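Subject: Structure for your records

Dear colleague,

I am handing over the structure below, followed by a short account of what was found in it. Please read the account with the structure open beside you.

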Amino acid sequence: MLVLSMAACRQETAVFEPEETYAAPEDFPDLFCDYYFLEDSETGQVILDHRSEEQIFPASMTKMMTAILAIEQIPDPLNTVIPFTEEMLAGLVEANANRAGFVPGDEPTALDYLYGDLLPSGADCSRALAFYLAGSEEAFVEQMNAKAAELGMRDTHFVNTTGLHEDAHYSTCRDMAILLNYCMQNELFRTVITTEIYRTKPLAHYRHGLVMQNYVLLYINQEDPPFRYEFDIPGFIGGKSGYTIEGQYTLASCAKIGGIPLTMVNAHGYYMEHYPASISDAAAFYHWFSEHYERKEAVAAGQDFGTLKVRESTEGDIRVLASDSLILDLPEEENIHYRAVLPESVTAPIQEGEAVGRLEIYAYDTLAGTVNLVSSESRTRTAGGVLYSFAEERILPELPGIVAVLVLTIAVIISLKHQNSRRPHS
């Protein structure tokens, strides 16, 4: 393990530039996506981050927000009937939007719409929930943007409930991770998004109910996969995918790998002959994490990270110690690196346990976590120390000049005396 140090506090914001030997994770998978974000959803530790705060078009990941707002506002979705109307369907066929398949005249429940919104990504369901709750899609979008602001989704702006492309409808991978993490705390949302197949109650146009399949789980951990693409991801929980021509393939998903809860968002994945590009990328990420990461102690409380000079004290320097133990998701030890951010010195008095800097722990070139660096013992301010520090700061730096002036002065005096001694006496 390598310990890197910063010379002064003014350099704390300097960019960390890791050596080439450990900057890139080994065996990193080939990917289709241009943006991705992987984090430990329990601790918030960022595992991988590539352009996660840059603008993307979220496509049908948008429907997570539609669903969670409906869940929070409809007390009894199982028994709340919402007749499906022409107004709810308007424009969706022309836009080639995904639909669960409801027809005007059907009277599904709010629960039916929730499943239709998340499993087959039905824009008809998103619209129906919006009209029921707010009277129009535009009014419901205002609620969506208010909720995004409340959750801290700083780089997100919704224009519709469905994710159909509009230039002003955008988000980021990091914001979509915030949204998914929030949604997964809700029991009903979690139940819906982890369901493989759902059948509605009997409807006017579906005498035996409308059957819906989960578009994400169709490809994952299937004993008899319906398509030629099938992915084995032990621990996969669920996710919401999306696609538009402009946004390409997107996916917000979660899994529990080796007991570690993970949230993954990848966006703008495309390959001509590879339909579930975003699901393929998620599988690659989760498998790579499984092969290279585990939870372990990165730093022990009291671990020694060297000495620090103390000014205005004659009691000597202090050793700096990690303030706390820190458990992180980490790769092999040769890919874990430390960076101690400390000033050149501290001024007495210093109390034992006082924070004097911080320790940054890197997994490859990604900041995994930080702990405070604290003083190992107390140091009092002493008169001798004050004088020494004054001399060190004010006199010693000027000493060469003072000595030079003294030498020159002595030389001039000697020269003058020598000249006077050579003059004739009268």
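Is the crossing of α2 and α4 left-handed or right-handed? It is left-handed, a term used when the near helix is turned anticlockwise from the far one by less than a right angle, clockwise being right-handed.

Please note that this is a predicted model, in which local features need pLDDT of at least 70 and side-chain atom pairs count only at pLDDT 80 or more, while totals for chains, interfaces and linings use all residues. Residues are numbered from 1 along each chain as its sequence is written, and side-chain values use heavy atoms, with hydrogens and water left out.

The chain holds eleven helices and 16 strands, which are DSSP runs (helices H or I, at least four residues; strands E, at least two) numbered from the N terminus. The axes of α2 (residues 63–73) and α4 (residues 110–118) come within 9 Å of each other and cross at roughly 160°; the axes are lines fitted to C-alpha atoms over the stretch in contact, with angles running from 0 to 180 degrees between N-to-C directions. The two helices are therefore roughly antiparallel (over 145 degrees).

Where they meet, with heavy atoms within 4.5 Å, α2 contributes Lys 63, Met 64, Thr 66, Ala 67, Ala 70 and Ile 71, and α4 contributes Leu 114, Asp 117 and Leu 118.

As for the cysteines, Cys 125 counts as buried at 0% relative accessibility, as does Cys 254 at 6%, buried meaning under 20% relative accessible area with a 1.4 Å probe, protein chains only.

With kind regards

Conventions:
Parallel < 35°, antiparallel > 145°, perpendicular 65-115°, else oblique. Buried < 20%, exposed > 50% of the residue type's maximum accessible area, 1.4 Å probe, protein only.
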